[in-house]
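Me: I have a protein model open and want to learn to read it. Can we go through it feature by feature?

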Amino acid sequence: MNTSLLRMRHWLLAALLLVATPALWSCNSQTTLQKQLTAHQDQLKQIDEDTIQSYLRRNNLLGKATRTNSGLYVVSVVDGTGAAVKAGDNVRLKYVGKFLSNGAHPASDGYPASPGDPRYPQGAIFDNSADNHTPCGCTVFTVGTLTAGFNEGLLLMRVGDRKLFLVPSRLAYGPSGNTGIPADAALLFDVEILSIQ
């Protein structure tokens with residue numbers, strides 16, 4: 001009886017190992033995938049930082065730019081005197097969105113892992129509130145419903161402000177991109193707050 005009980009335990013243990021093996025393998029794969037994503041994000045942080053710094057140097061804005069803890073850069077163009085923007089506010093604003101980069105980044109061996117998307121050249125406009133065909137050339141957004149970088153920038157503004165947001169890809173649309181925006185693209189927004197509704 002003890003021998004058959006011991007045999008049954010061994011069979012049960014063997015069956016559990018067979019069932020658990022794919023799960024253990026997928027955990028290992030997930031760890032590998034997580035490591036790859038982390039390496040990709042770390043690489044893009046440096047690429048985005050270099051891209052933004054290069055833009056600021058080319059446009060003589062280094063001394064005017066402020067970097068937040070998240071990596072967003074903000075350049076004040078016009079200082080307003082109105083009410084400060086808060087989370088949940090509906091803000092009426094004018095904006096122009098441009099590409100700072102098109103998602104290009106090198107692999108660890110120096111050859112392009114992604115050459116980026118040539119359909120989206122640096123400096124090209126991808127969105128403009130004037131395209132809404134409103135009399136003011138503006139639109140209304142609710143603060144907190146946009147990308148992390150755009151939301152963060154809006155919370156640093158007040159009515160009458162005009163600022164440039166230089167947004168690293170991780171605070172924009174990241175590795176997934178969006179319609180009309182390639183993966184890993186750093187973006188620039190020129191934003192003017194007209195009113196809070």
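Me: Let me start with one residue. Is Ala-130 buried, partly exposed or exposed?

Reply: Start with the rule. Buried means under 20% relative accessible area, exposed means over 50%, and partly exposed lies in between (1.4 Å probe, protein chains only). Ala-130 has a relative accessible area of 41%, so Ala-130 is partly exposed. One caution: this is a predicted model, where local features need pLDDT of at least 70, side-chain atom pairs count only at pLDDT 80 or more, and totals for chains, interfaces and linings use all residues. Residues are numbered from 1 along each chain as its sequence is written, and side-chain values use heavy atoms, with hydrogens and water left out.

Me: Where is Ala-130 found?

Reply: Look for helices and strands. Both are DSSP runs, numbered from the N terminus: helices are H or I with at least four residues, strands are E with at least two. Ala-130 sits in the loop between strand E6 (125-128) and strand E7 (139-142).

Me: How many helices and strands does the chain have?

Reply: Two helices and nine strands. Along the sequence they follow the pattern α-β-β-β-β-β-β-β-α-β-β. The chain has 197 residues, and 36% of them count as buried.

Me: What share of the contacts joins residues 24 or more positions apart?

Reply: Contact means heavy atoms within 4.5 Å. Take the contacts in the chain with a separation of 6 or more: residues 24 or more positions apart account for 73% of them.

Me: Which residues does Phe-150 touch?

Reply: Set aside residues up to four places away in sequence. Phe-150 then touches Phe-141, Phe-165, Phe-189 and Val-191. Phe-150 is found in helix H2 (residues 148-154). Its relative accessible area is 4%, so Phe-150 is buried. Leu-188 is 38 residues from Phe-150 in sequence, and 9.6 Å away in space, C-alpha to C-alpha.

Me: What is Asn-102 in contact with?

Reply: Leave out its neighbours within four places in sequence. The contacts of Asn-102 are Pro-115, Gly-116, Asp-117, Pro-118, Tyr-120, Pro-182 and Ala-183. Asn-102 lies in the loop between strand E3 (90-99) and strand E4 (105-106). Its relative accessibility is 17%, so Asn-102 counts as buried.

Me: How many salt bridges does the structure hold?

Reply: Rule first. A salt bridge is a side-chain nitrogen of Lys or Arg within 4 Å of a carboxyl oxygen of Asp or Glu. The structure holds four. One of them joins Glu-49 to Arg-67, with the closest N and O atoms 3.4 Å apart. This pair links distant parts of the chain: Glu-49 is in helix H1 (residues 2-58), Arg-67 is in strand E1 (residues 65-67), and they are 18 residues apart. Arg-67 is partly exposed, at 42% relative accessible area.

Me: Which residue does Arg-162 meet in a salt bridge?

Reply: Its partner is Asp-190, at 2.6 Å, N to O. Arg-162 lies in strand E8 (residues 162-167) and Asp-190 in strand E9 (residues 187-196), so the pair ties together parts that are 28 residues apart in sequence. Arg-162 is partly exposed at 31%, whereas Asp-190 counts as buried at 19% relative accessibility.

Me: What about Lys-163 and Asp-161?

Reply: They form a salt bridge too, with the closest N and O atoms 3.9 Å apart. Lys-163 is buried at 9%. Asp-161 is buried as well, at 4%.

Me: Which cysteines does the disulfide join?

Reply: A disulfide is a pair of cysteine sulfur atoms within 2.5 Å. The count here is one. The disulfide joins Cys-136 to Cys-138, S to S 1.7 Å. The torsion about the S-S bond is about -60°, so the disulfide is left-handed. Cys-136 is partly exposed at 26%, but Cys-138 is buried at 5%.
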